[in-house]
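Hello,

Here is the structure I promised to pass on.

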Amino acid sequence: MPLLMGWAAGIVACAFLSELPATSVLAGGIVGAAGLMWRTIPRWRPYTVFLFALTLGLAYADWRAQARMSQELAAEWAKKPVEFIGTVRGLPDPGEFGVRLTLEVERVLTPGASLPPRVQLFDYRSQAWPPGSRWMLSARFKPRRGSANAFGFDAEQWLWSEGLLASGSAGKERFRLADRADAMAWVDGWRAAQVGRIESVLGVGRESALVAALTVGAQQRVAREDWRLFSATGLTHIVSISGLHITMLAGLAAWAASWLLRRWPMFGSPRVATAAVAWLVAAGYALLAGFSVPTQRTLFMLLVGGGCLLLRRQLSPFQSWWLALALVLLLDPFAVLAPGLWLSFGLVAALMFGSWARRRPAAAWRAALGGQWSAAVASLVPLAAWFGGFPLVSPLANALAIPYVSLLLTPVALLAVLSPWDGLLPLAGLLVHGFYWGVDWLARGPAWHVAGPPWPLLVLAAIGSVWLIAPRGVSGKGLACLLLLPALVYRPAGPKEGAFRVTVLDVGQGLSMLVQTARHALLFDTGAGDAGRVVLPQLRGLGVASLDALLLSHHDADHDGAAEGVLREMPARRLLAGQPQTLPAWPARPCRQGDAWTWDGVRFEVLAPWPDMQPTEDNAHSCVLRVAGAKHALLVSGDAPVQVEEALVAHYGERLRSTVLIAGHHGSRTSSSEVWLKAVRPRLAVVSAGYMNRYRHPHPAVLHRLRQQGIALLRTDLDGALTLELADAVDWQCLRLRQARYWRARGDCAAQSLTSD
């Protein structure tokens, strides 16, 4: 056990390092740990074995990480056309604006260029890309990069863990070559054919999407709104092909094999043959479903059980658990970055721990309730840490959905797909319809959202969770609840009176900025896309339960695209917009010059637009907001063009002066004029833009003007989400520096502070 535990701990530790250690350091650590293990007394041997295994695991993960980093896209080939030959792997994801797919690079044809072994490709022409098909095409790639925010989904982390080290868009010229004929191409082709068959019978919709997800792992078909419903009920894990489904199918196969072998014995050991059949069936199902982490965990635990049967040895459940985890990390050390691994292995450990040391099996109903309790308690801390909360209806939803999906819906769907007859597919669709009826009803239930607690509170909560699900007879369960409570009710402290905090979210090519005073919060713009992707997780992670004001500068997708999603999930007491007529479903008031209010000693003043303005473009409608504390001020102008800037300078003059300026129009050359910068006289400028965006923001001319005037610069595309504290001094933090990881790109963050004049 110490060997397996140390190995896993070393691999996990490597994932959270800011820099990879040098090979010489690791070699010295391994030699030192081996010598210590060799010379230690027997009583201390388990600890030295653990230390030796930890250094081995760390060295192995480091070696794999160094190998992957050497495959990254070279900077000189970013956004340049590269011609190559590649094979489509997995199932392409048809979206609203095009197809997203994964290509395995076979050969690069452009002289001097190189590509990672696997790349992510977007085809905005939405042509068909059959799995296993080979193509010669040209594409422009960007290095692996995603939005970097403190809470919610981390795209960059996911891309690294999946080995997708570059993403790009396909050019117009593409030629199909002879298809690949290997096993994975056949498997993916069969999966795609089954998806097509399901959709031809049930039609394209939520019924066919869920049947395809449960049978062949085609989760891409499930609509975003349905994922939101699953998240609101705690049923996201049910949609994926989980270990529960694999175990169920293996159990059915074992029962059938045992029944046949009792009547027609063909092997020397029916038990061994039964175990082999069960594992092969489970392996086949996992392979056809994409071989996700939950399926890997189940397969390896079944393999361990089968190996013990063959070797006539017995392992405890926790020994099997540790061995399965060690095998998963041996195959893929980057799986530690996926929440699915921790949820999968963690919930299994919780179920085993809750029934540990029982002298006799509990009654079926008591075991079911105990398992539900253990799973619910064990999931509290991971859900709070990764997803910012949990639905209160989750225990009820899981108690109803797990038997329905695992014992009824999934078997019928599998039989329907494996059968050459289509008659069972409508029955599977009808069962899916019933499932969604329950999910739609349960999704109306409340959720408990928590702010992102610091790690000491998470550690205390984890200890409390383990204590709560401990077997009967362990005392002090009330104290365990007290250990959980701080993480669940935590709220970060607000700024002092007269000071304010600004968080510029990394929303890619767009703008969204949260301003917090001691007791109030204002959100300026929301960025584009789905509010649940970036904006809502950040607001909840920062402890914002409601907005005192939402101000939308003007109608442009990169400024107000996620506004309706925010308003649906989070109440806003005041809604101001530069173009309120574009929000007919919400009671928005127009921004007007002279609108002003004071919160906690901080003054908010709208400077533009004014009533007699005659804007000729949407950008000229932009609300311009100045936030002034006791010592420092911030100015943000949306996408206001130079003409508006000049009019503001003529009207306000010195009153525009602000310590921090949010550069207009993401650093476009149509804003941040020299006249504007001289009037505002900022000491710090912030550019919110997407990494290597197609508009080439920020413009070199704007960067030149900022440098000429000695203005410090922060950029979300390079530094990630930014947190600025405007109190006696102006201090800031950049997420890519504050949460540095070896797999995460890092900006320079202009690491300094500004004092008051």
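**What turned up**

Glycine 10 sits in helix α1, residues 2-15 (helices are DSSP runs of H or I with at least four residues, strands runs of E with at least two, numbered from the N terminus). This is a predicted model, where local features need pLDDT of at least 70, side-chain atom pairs count only at pLDDT 80 or more, and totals for chains, interfaces and linings use all residues. Residues are numbered from 1 along each chain as its sequence is written, and side-chain values use heavy atoms, with hydrogens and water left out.

Leaving aside residues up to four places away in sequence, glycine 10 touches Leu54, Gly57 and Leu58 (contact means heavy atoms within 4.5 Å). From glycine 10 to glycine 388 there are 378 residues in sequence and 27 Å in space, C-alpha to C-alpha.

On to the strands: five of them form a closed barrel in the order β1-β2-β3-β5-β4, with mixed pairing (two strands pair if DSSP finds at least two bridges between them). Phenylalanine 122 is found opposite serine 169 in β5.

Finally, a helix contact: Arg197, Ile198, Val201 and Leu202 in α5 meet Leu425, Pro426 and Gly429 in α16. The residues of this contact comprise five nonpolar, one polar and one charged (Ala, Val, Leu, Ile, Met, Phe, Trp, Tyr, Cys and Pro count as nonpolar, Asp, Glu, Lys and Arg as charged, and the others, Gly among them, as polar).

Best wishes
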